[in-house]
Amino acid sequence: MTSSERRPVPGGLVWFDEPAPPRATEQLSRERIVNAAVELADDQVTGEITMRALAARLGVRSPMALYRYVGSKDGLVDLMTDQVYGRITVPRGHGWRHALQGLGRTGWDAVQRHPWFARLAFSRPPMGPNALHLYDSALAELAPFGLDATTRMGFVKTVLGHVLGSGLALLEEQTMRARAGFHSDSDLEAAAAPYLERIAAAGKHPHFISWATDPQRLAPEPQSFEQVLEWLLDGLATLLPPEDRSPV
């Protein structure tokens, strides 16, 4: 079977498909397709794309032409998510905490640029080269402490879970606002005001009403991504021997 006749197993990971993609043409290549897919997803509030819309963006008449390079829609998802994993970095050589701080911070930067990544990252196993490099780098910084394999991976998954969970919340909030027509906090507040006034007048949910009417609630949240990341790292540090809990 030639590379142009590839028939990957539906749902199989693109990394497991041995034949290389076809040679790039002036119009199509795996890299161009993935870059265009990432840009298209970034342009959508929900982050959802179709192969037909992607083909149109690339100026290709039939979506079927794309499958020769990515195998399937699942294969495209594998490639898109791994491209974003490649934008998350783990600093090496400065201690476990610095490494996981870097993982968290650059991960948060990545999901803010590509909120759809948080959803797709949960949908496919992270087996691409960039994802494996990320995991390997983070695990290497934890190797000196004698932790068992499950605990070492638990450190990494705790930070990535914070990244992806925060990104998924961001994506769903954007989607909700777009569907409901609330383009800003002031839009939501104006729409909710009569409803909350009725609740307050009825004497219901007083603690929530007290919060909703407190001007201080609009101040920057102390539970920022960065703060929660530090709390998580403080908790993980307790799993290390006392002499190893310092940032380095």
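**Exercise 1. Find the element that holds Val45, then list its contacts beyond the local sequence.**

Solution. 
- Step 1: Val45 sits in the loop between α1 and α2. Helices (H or I, at least four residues) and strands (E, at least two) are DSSP runs, numbered from the N terminus.
- Step 2: A note on the source. The model is predicted: local features need pLDDT of at least 70, side-chain atom pairs count only at pLDDT 80 or more, and totals for chains, interfaces and linings use all residues. Residues are numbered from 1 along each chain as its sequence is written, and side-chain values use heavy atoms, with hydrogens and water left out.
- Step 3: The relative accessible area of Val45 is 41%, which makes Val45 partly exposed. The classes are buried (under 20% relative accessible area), exposed (over 50%) and partly exposed (in between), with a 1.4 Å probe and protein chains only.
- Step 4: Set aside neighbours within four places in sequence. Val45 is then in contact with Leu171, Gln174, Thr175 and Ala178. Contact means heavy atoms within 4.5 Å.
- Step 5: Compare sequence and space for one pair. Val45 and Pro115 are 70 residues apart in sequence, and their C-alpha atoms are 8.9 Å apart.

**Exercise 2. Trace the salt bridges of Arg119 and say which elements they join.**

Solution. 
- Step 1: A salt bridge is a side-chain nitrogen of Lys or Arg within 4 Å of a carboxyl oxygen of Asp or Glu. Side chains of opposite charge can pair when their charged atoms come close.
- Step 2: Count. The whole structure has 11 salt bridges.
- Step 3: Arg119 pairs with Glu48 at 3.8 Å, N to O. Arg119 is in helix α6 (residues 116-123) and Glu48 is in the loop between α1 (30-43) and α2 (51-58), so this bridge ties together parts that are 71 residues apart in sequence.
- Step 4: Arg119 also pairs with Glu172, with the closest N and O atoms 3.3 Å apart. Glu172 belongs to helix α8 (residues 149-180) and Arg119 to helix α6, so here the tied parts are 53 residues apart in sequence.
- Step 5: Arg119 is partly exposed at 24% relative accessibility, and Glu172 is partly exposed at 37%.

**Exercise 3. What is the sequence spacing of the Arg177 and Glu173 pair in helix α8?**

Solution. 
- Step 1: The two side chains form a salt bridge, with the closest N and O atoms of Arg177 and Glu173 3.0 Å apart.
- Step 2: Arg177 and Glu173 are four residues apart in helix α8, so about one helical turn separates them.
- Step 3: Arg177 is buried at 15% relative accessibility, whereas Glu173 is partly exposed at 37%.

**Exercise 4. Which residues belong to the salt-bridge network that includes Glu230, and is Glu230 buried or exposed?**

Solution. 
- Step 1: The network links Arg97, Arg105, Glu226, Glu230 and Asp234.
- Step 2: Glu230 lies in helix α11 (residues 225-237).
- Step 3: Glu230 counts as buried, at 18% relative accessibility.
- Step 4: Apart from neighbours within four places in sequence, Glu230 contacts Arg97, Gln101 and Arg105.

**Exercise 5. Describe the overall build of the protein.**

Solution. 
- Step 1: The protein has 11 helices and zero strands.
- Step 2: Its radius of gyration is 22 Å, well over the 18 Å that the globule rule gives for 248 residues, so the protein is more spread out than a compact globule. The radius is taken over C-alpha atoms, and the rule is 2.2 Å times the number of residues to the power 0.38.
- Step 3: Along the principal axes, the C-alpha atoms fill a box of roughly 70 × 55 × 25 Å.
- Step 4: Buried residues make up 38% of the 248 residues.
- Step 5: Of the contacts with a separation of 6 or more, 71% join residues 24 or more positions apart.
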